[in-house]
Amino acid sequence: MTIEIEQPRVGLSKIAVSKTHGEDSPYFAGWKAYDENPYDEFRNPSGVIQMGLAENQVSFDILEEYLEQHAEEASWGKKASGFRENALFQDYHGLQSFRKAMASFMEKIREGRTKFNPDRVVLTAGATAANELLTFILADPGDALLVPTPYYPGFDRDLRWRTGVNIVPIHCDSSNNFQVTPQALEAAYKNAESMNIKVRGVLITNPSNPLGVTIHRSTLEQILDFVTIKNIHLVSDEIYSGSVFSPTEFTSIAEILESRSYKDCERVHIVYSLSKDLGLPGFRVGTIYSYNDRVVTTARRMSSFTLISSQTQQLLGSMLSDEKFTGNYITKNRERLRNRYEKMVGGLRNAGVECLEGNAGLFCWVNLSPLLESQTRESELAVWEAILHRVKLNISPGSSCHCSEPGWFRVCFANMSEKTLEVALKRIQSFMEERKITSG
Amino acid sequence: MTQTNPIRDPEDETRRPVSPTGGRTGMRLIVPLQGVVQGRGGLILGSLIPCALFYFLQFYLKRHRSPPPPASPSSSNLPELARTSSRSNLTSRGSMGQARVSSRASSIAKPNDSPYYIGLDRASEDAYDELENPNGVIQLGLSENRLSLDLIEQWLSRNLNGSILGGGGGGLSMSGIATYQAFDDGLWELKVAMAGFMSQIMGRAVSFNPSQLVLTSGATPAIEILCFCLADPGHAFLIPTPYYPGFDRDVRWRTGVELIPVHCRSSDNFTLSITALDQAYNQVRKRGQKVRGILLSNPSNPVGSILTRETLYNLLDFARDKNIHIISDEIFAGSIYGSEEFVSMAEILDSEDVDRNRVHIVYGLSKDLSLPGFRVGAIYSWNEHVLTASKQLTRFCSISAPTQRLLIPMLSDTRFTQEYIETNRKRIQSMYDLFVAGLEQLGIKCAKSSGGLYCWADMRELIRPYNEKGELDLWDKLLNIAKINVTPGSACHCIEPGWFRCCFTTLSKKDIPLVIERIRKVVETCKPPS
């Protein structure tokens, strides 16, 4: 018979036991429900349709076609020592050819309106790592970044968990389509001050997640003025820049800087990734583009913890340098996303559901406040649960995006086939009709 | 087409010129402004005279300077390095002042002042090439294994037609490779393959459970994640010296965790003694600081020794007694030579029923499989909480999907991996034998070692004075005169000066005579006068 001896439990860090990873929020609970009962057109037609994942599956075939036709790109290069050199390459500067390719791809997305210097491109294993890295570099534990609400739920984890940095929200509401205002910026800053928290920067996502809207040029100018006056940093996460339906509607912060002759640009840093625009989240390709030499140097060194596989750099480098391919891909991708969006919005309208007018991204910002019993977070979550468990759609409630107005939901449309989208829209229509009958 | 804003490394400003022999000279150039600032005696008198006095003072001091006390390698007197970046042409400095970076970043942004990094840079900037650059620097400072990549190349061409995408079969199926990694901590098939590979590497003396594996983009983030999980800022890990210079960065940078050295000496071949461990532990506790664990490398880097079974048991007892963790970095487990058998911490735990929550193993494919570029590392733990937290943290450092797809069939091909492991060991053994024999010809002996991609060379008789300064002088001569980059013991926190780590697996057999010859030139000048 063995006797159970109580061993003293060996200690773990605060980080290991903290809840800052936010994995208890509905954002993640919805995923769980999907994982347990995933929709499949044939095998599980009544399963949960995942509409909470901002992934782009509409343009895979273009990538596949390219790789099929360009077999040398799918090899280790023509040199006999290609594999060997690649396998040994672990320089945190990254392959120069790949950095060049990333810079040129970013330029292409902005239709050549700005230039990007490959020497300012720092590579990381995904934008998640890029955002965390920048936070480590720009802020000390206890400091804060100001972030406009609603924002990507992952930021709570990515910006705060290991860094010990706080997020202080810049509140935006539907009265002006959730655009950032100078008053909101100032209020957030004062809010931080009143809590004795030092603000180190503003972090915007442009185009916005979850709104699916590009930030107006004038707003960008105001934000840049604000950070300049406060002498803080500006991080512009432009991960959806290639998913703007019409290229002329997107203004990158880089363009604003250029129009100001790069005066005082050292406070600005751009984050980019191939996860959304190119639909390759599994490849783990992110970048930090900084106008600040010191940040570039520091970020490079810190990227040792999050390097991109040299194999992946090799594979994507030649593909992204092919201007014909990238031009074609970007155009087609935009078109397909716009079509999806219009289908989505049309279907929702037929069901009597309104959304924010969007022009970018892989999702709609949908207004379900008429369905709420009371304009409270609890009511919103009740509606979310009903939609998850009865309509079998996983969508993201605005409260998990820290939206101050209850009733808004982010609904993704690009991570599924068109057929599946149609099924989802039908389910929404039935649900809305039911509600009308029961309440009418 | 001109690119604007090429970057300039801010560290350029702090570098100072130095004489070729690397002696501790170098005039400090400071522009004194106090005269102008004080505004006394007019601009000319107020500024010129203080300037002049200042310069004369510097000149006088330089002439009459007494030998400086032994300094850490962080002094600025080491050879200036050409940086690859060029001048920035940013036109404005900003009227409102520059937004500062965090203090974490400031400490990191300081120049790479360790000879470990300086040497690596030099060797890569002026890399030896038999034909193109025969007078270049031969790299013996990077523990990289180039001996067996041909075997991998052959496997790739046999199995994947040399395709970079892998994945088995002709079809590319981007949607399989590309889509969201619901499992940031690695595809299940890769975990299974890694677990099997690790078992093979360690002689099949222990089997690894794939569900206790967390895969990361290299061993570097694996170590950091463990530190984040096991310790809070200000806590400490005990670490036997000499140790891998990279740990100073990997363990301490962002975590705020400290490393407390437990010194090992040549008198017992740098063996870790529990007494020394205990002493170090008590000293730390007296200071009011918390020790959270012990960080080991086994096989050790830079010495190359293997921990005996008995030592492993003693370490586990010690850890239990103090209720602390053990991190065992076993990244060189497959790179052993000689007759000693490698015993993993996992093997020890296998025979123990209780209290496994405190042991965590780090592994990776950078050394044993020569694939540092692919970024493949692993945490293996028995602690559920650590596994859960680590899994969530891999979102910052996941292995790239095409790389996972490529490795699954490779690591699962156990006939190939077995052949690779055996052949690779034999090749490391031959290189070791040749290299160590070559050093012996010069009268340089190496510490007894059984693993790793390097040897630990005893050059104590060649340094003058017998201290860190003398060691760095020799290192400098080896780098600049012999054009060989080796890692001095001080960069590894070795308490005895005069030891150097020499990696030999980046060489081919015919390079060895050249390397020995170059070292001989410097050695001759260092021999004590008879």
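In helix 4 of chain B, the buried residues are B:Pro115, B:Tyr116, B:Tyr117, B:Ile118, B:Gly119, B:Leu120, B:Arg122 and B:Ala123. The model is a predicted one.

**Helix 4 and its surroundings**

- Helix 4 spans residues 115-125 of chain B and is mostly covered, with 8 of its 11 residues buried.
- Helical contacts of these buried residues are with helix 9 and helix 16 (468-480) of chain B, among others.
- The buried residues also pack against strands of chain B, namely strand 1 (138-139), strand 11 (484-485), strand 12 (487-488) and strand 13 (499-503).

**Strands 3 and 4**

- Strand 3 (residues 236-240) and strand 4 (residues 258-262) of chain B run parallel and are joined by 5 bridges.
- B:Pro240 has B:Val262, in strand 4 of chain B, as its bridge partner.
- Between strand 3 and strand 4 of chain B the chain passes through helix 9 (residues 246-252), making a right-handed β-α-β crossover.

**The open sheet**

- Four strands of chain B form an open sheet in the order 9-10-13-12, with antiparallel pairing.
- Strand 9 (445-446) and strand 12 of chain B are at the edges with a single partner strand each, so each has one side without a neighbour in the sheet.
- Strand 12 and strand 13 of chain B run antiparallel and are joined by 2 bridges.
- The bridge partner of B:Pro488 is B:Phe500, in strand 13 of chain B.
- Helix 16 of chain B packs on this sheet and touches strand 12 and strand 13.
- The direction of helix 16 makes about 30° with that of strand 13 of chain B.

Key
Residues are numbered from 1 along each chain as its sequence is written. Chains are lettered from A and ligands numbered from 1 in the order in which they are written. This is a predicted model: local features need pLDDT of at least 70, side-chain atom pairs count only at pLDDT 80 or more; totals for chains, interfaces and linings use all residues. Side-chain values use heavy atoms; hydrogens and water are left out. Two strands pair if DSSP finds at least two bridges between them. A crossover is right-handed if, with the strands pointing away from the viewer, the path from the first strand over the helix to the second runs clockwise. Buried means under 20% relative accessible area, exposed over 50%, partly exposed in between (1.4 Å probe, protein chains only). Contact means heavy atoms within 4.5 Å. Axes are lines fitted to C-alpha atoms, for helices over the stretch in contact, and angles run from 0 to 180 degrees between N-to-C directions.
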